[in-house]
Protein chains: 2
Amino acid sequence: MPAEAAEIRYLEASIREVFASFGYGEVITPTLELESVLETAGEERFRKSFRLFDERGDVLMLRPEMTIPIARLVATRMQDREPPFRLGYFANSFRPTKPQRGRQSEFQQAGLELIGSDSPAVDAEVLAVLCRSLEASGLKDFSIALGESSFFRVLLDSIGVNSEGRDAIFSSLAARDMVELAAVVEALDVSGDDRQAIIDVIALRGGSEVLTAAKDLVRSPEMEAALKRLALTYYLVTRYGFAGRILFDLGILRNFEYYTGIVFEALSGDLGFPIGGGGRYDGLLGRFGRPLPAVGFAIGLDRLHIAVTGQGGVPIPANSGMALVGGLDPALELAGELRVAGVPVTTLARETAAAEALSLAAAADLRWCAIPEGDSFRLWDLRIGGEGELLSREDLIGKLGG
Amino acid sequence: MPAEAAEIRYLEASIREVFASFGYGEVITPTLELESVLETAGEERFRKSFRLFDERGDVLMLRPEMTIPIARLVATRMQDREPPFRLGYFANSFRPTKPQRGRQSEFQQAGLELIGSDSPAVDAEVLAVLCRSLEASGLKDFSIALGESSFFRVLLDSIGVNSEGRDAIFSSLAARDMVELAAVVEALDVSGDDRQAIIDVIALRGGSEVLTAAKDLVRSPEMEAALKRLALTYYLVTRYGFAGRILFDLGILRNFEYYTGIVFEALSGDLGFPIGGGGRYDGLLGRFGRPLPAVGFAIGLDRLHIAVTGQGGVPIPANSGMALVGGLDPALELAGELRVAGVPVTTLARETAAAEALSLAAAADLRWCAIPEGDSFRLWDLRIGGEGELLSREDLIGKLGG
């Protein structure tokens, strides 16, 4: 529907402006991606994606996400350029699913990838761009749940949890099923202390006090390094003025095998699903032959639209459209001049009585209606009604375009 | 690639602004369309489109074009609204093909449909929006080849050419194969006069003198009405100031069975393919249960990009990006203020010597580079080079943002 499409495009344009202001260039990649590319990326989770064949018999997939196509682009077509790369995208992706609120087979995403730097400053920049983008979209109530996948990964390694146990922990965490999670942890063949350590890490949520509490759970230099890195990233985010948006949650793992450092999700009120998320994935580019560290995020535009609509709506200017009717020649000329002055104008194709013109303008949800009357025009403001106002062409252009 | 993507987005944004100024709202439809919808539209030509299955076993197709999905939208989801509908779109469509210049399996389109009016004034409006859109994209050398499908159709009916003969004429015209066309016409089982009439109509190309010459070929009241209508449309296009862009070509038929009135193609120089095209299709909406007359066009954005690039390039402002480097705190704060002032800023993640910073900024194709120096900043204009200029924060913001 046009009103909804206009709102989605407004969100997209707002985010595009933020991305550009941080120096991110936009890339456009094909909607159809070779299945072999997704296999190279080692992403089992896309097995169920939409598949089809091209003329050569190669298996194509409707892209399930944008990070892998961009990783391949950087590794192949941008090989003659020096990192870092700051790349943004606005694209639809596809995953077979039963449609429900916030979940559709085809979804619009706005996202970015910063490829070629493993600095915490870059992690902070990406978090800041995410916060700026959500603010620019008109979202007021939101927070970024921030975790660190390597902190938890190293803990599980040091405890000796096997891959089966890790998968079970991850899938219950992903489903946010805390009852199942407790059962999974209980069933692990590890000591009571280790069990408690796993539960303690997952329970670490809140403000910057989490960083202090997490120190007690450090068991190795790697865990200490991961924590220090997270603290530095947080300090740098505060320099961008977004400290109040960050909520630590060390139980956030998202796609566990894929992420190697920070992981985060954008949450808003009681929405029931994240608006977006991302993290650091230093292993992916190497699979395409160009090992580079990387961090990025994606925002679901349809989800963002739901969230913004629930918080006062998308802040687009009210419809200032105008219906211009009557004798063709003077109407068309006035319409042209008004368009140059920035006023959207719909013309009617024929001479029309005022009453009919006004009802057509109202049906089309336009604010203004003008009809030639001698050398002048009669102008109605449909929010006011009444007799209208008789104006010269110049005065009418000045009134609407000024 | 980012530079190309930025140009495509610029073309899209320019056209979006023109569409909005004429009162066209934007619609977004699914990329996957049910095969049955395309069958309802009676479009044999899409038999070769990309196909896949959804979970319920329904056959889906990657949409080969946008007019049919919009026709369905108007006939079903917009049933409670009154025509006319002015709807625009910016979308990718798909047709299996061997990629070549101006022809790809996935292509970006900008288009519109005006549904619910059969007035020549509306035909003229659509032609005017097309011309305005191409001008706004920075295209200088282009013309609109304008034909009238019913004029030719009625002629063939009156002569008694069977559907086989019509198909043969259409396919040789579509391939612009004049040798084959001559053979096809020669083989028709009709009188010499009739044969000559067909050849004469197809040969009618040029300025408004075509309208006069076509009068001699009129054989029925319907042909006379079609010609009068075309002349009125042309007169109205002149009122929009685009008379110089119109080139009559009564041999333009495009998709013969689909169009019922004007048909047109946007041509530019010796490009070898049209940049876009459209026409009046009064029969389509009825197939979805809401018979309404309609007219529309689509512009191929990739083709437009090729054409504009060949005519001086896309008129986007030169890259005004800036690299800001050095001590994190003052740099981040300055970066934030510059972004508010409309200057895109990339920050470097660490303290950097001037020489390295300048070479990184040059590699990233940025114009400005700034490094903190005491309480001030040293600013280089990379187009000039040299020692740079020492500026206070305020002066730097004023210089770049003003």
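How many bridges join strand β7 (residues 143-148) of chain A to strand β9 (residues 246-249) of chain A? Three bridges join β7(A) to β9(A), and the two strands run parallel.

## Basis of the description

The structure is a predicted model, in which local features need pLDDT of at least 70, side-chain atom pairs count only at pLDDT 80 or more, and totals for chains, interfaces and linings use all residues. Residues are numbered from 1 along each chain as its sequence is written, chains are lettered from A and ligands numbered from 1 in the order in which they are written, and side-chain values use heavy atoms, with hydrogens and water left out.

## Chain A overall

Chain A has 15 helices and 17 strands; helices (H or I, at least four residues) and strands (E, at least two) are DSSP runs numbered from the N terminus. The radius of gyration of chain A is 27 Å, well over the 21 Å that the globule rule gives for 402 residues, so the chain is more spread out than a compact globule. The radius is taken over C-alpha atoms, and the globule rule is 2.2 Å times the number of residues to the power 0.38. Along the principal axes, the C-alpha atoms of chain A fill a box of roughly 90 × 55 × 40 Å.

Chain A is divided into domain 1 (2-310) and domain 2 (322-401), with bounds that come from an automatic or database domain assignment. The C-alpha centres of these two domains of chain A lie 50 Å apart. Of the 402 residues in chain A, 56% are buried; buried means under 20% relative accessible area, exposed over 50%, and partly exposed in between (1.4 Å probe, protein chains only). Among contacts in chain A with a separation of 6 or more, 65% join residues 24 or more positions apart, where contact means heavy atoms within 4.5 Å.

## Relation of the two chains

Chain A is superposed on chain B by a rotation of 180° with 0.0 Å of shift along its axis (RMSD 0.0 Å). The two copies are thus related as by a two-fold rotation axis. The superposition is by least squares on the C-alpha atoms of residues with pLDDT of at least 70 in both copies.

A:Leu52 comes closest to the rotation axis of the residues of chain A, with its C-alpha at 2.9 Å. The copies meet through the same surface, because 100% of the interface residues of chain A are also interface residues in chain B.

Two strands count as paired if DSSP finds at least two bridges between them.

## The five-stranded sheet

In chain A, five strands form an open sheet of mixed pairing, in the order β14-β13-β15-β16-β17. β14 (345-347) and β17 (389-391) of chain A are at the edges with a single partner strand each, so one side of each is left without a neighbour in the sheet. Neighbouring strands of the sheet are turned by 30° against each other on average, direction ignored. Axes are lines fitted to C-alpha atoms, for helices over the stretch in contact, and angles run from 0 to 180 degrees between N-to-C directions.

Strand β13 (residues 322-324) of chain A runs parallel to β14(A), joined by three bridges, and A:Leu324 stands opposite A:Thr347. Helix α14 (residues 354-363) of chain A packs on the sheet and touches β13, β15 (368-373) and β16 (376-381) of chain A. The direction of α14 makes about 155° with that of β15(A). In chain B, five strands likewise form an open sheet in the order β14-β13-β15-β16-β17.

A:Val295 is in strand β12 (residues 294-300) of chain A and counts as buried, at 0% relative accessibility. Beyond its neighbours within four places in sequence, A:Val295 is in contact with residues including A:Leu112, A:Val122, A:Val126, A:Ile262 and A:Tyr281. The C-alpha atoms of A:Val295 and A:Asp118 are separated by 8.1 Å, while the two residues are 177 residues apart along the chain.

A:Glu135 is in helix α4 (residues 120-136) of chain A and counts as partly exposed, at 30% relative accessibility. Leaving aside neighbours within four places in sequence, A:Glu135 is in contact with A:Phe142, A:Phe242 and A:Arg245. A:Glu135 and A:Ser14 are 121 residues apart in sequence and 9.4 Å apart, C-alpha to C-alpha.
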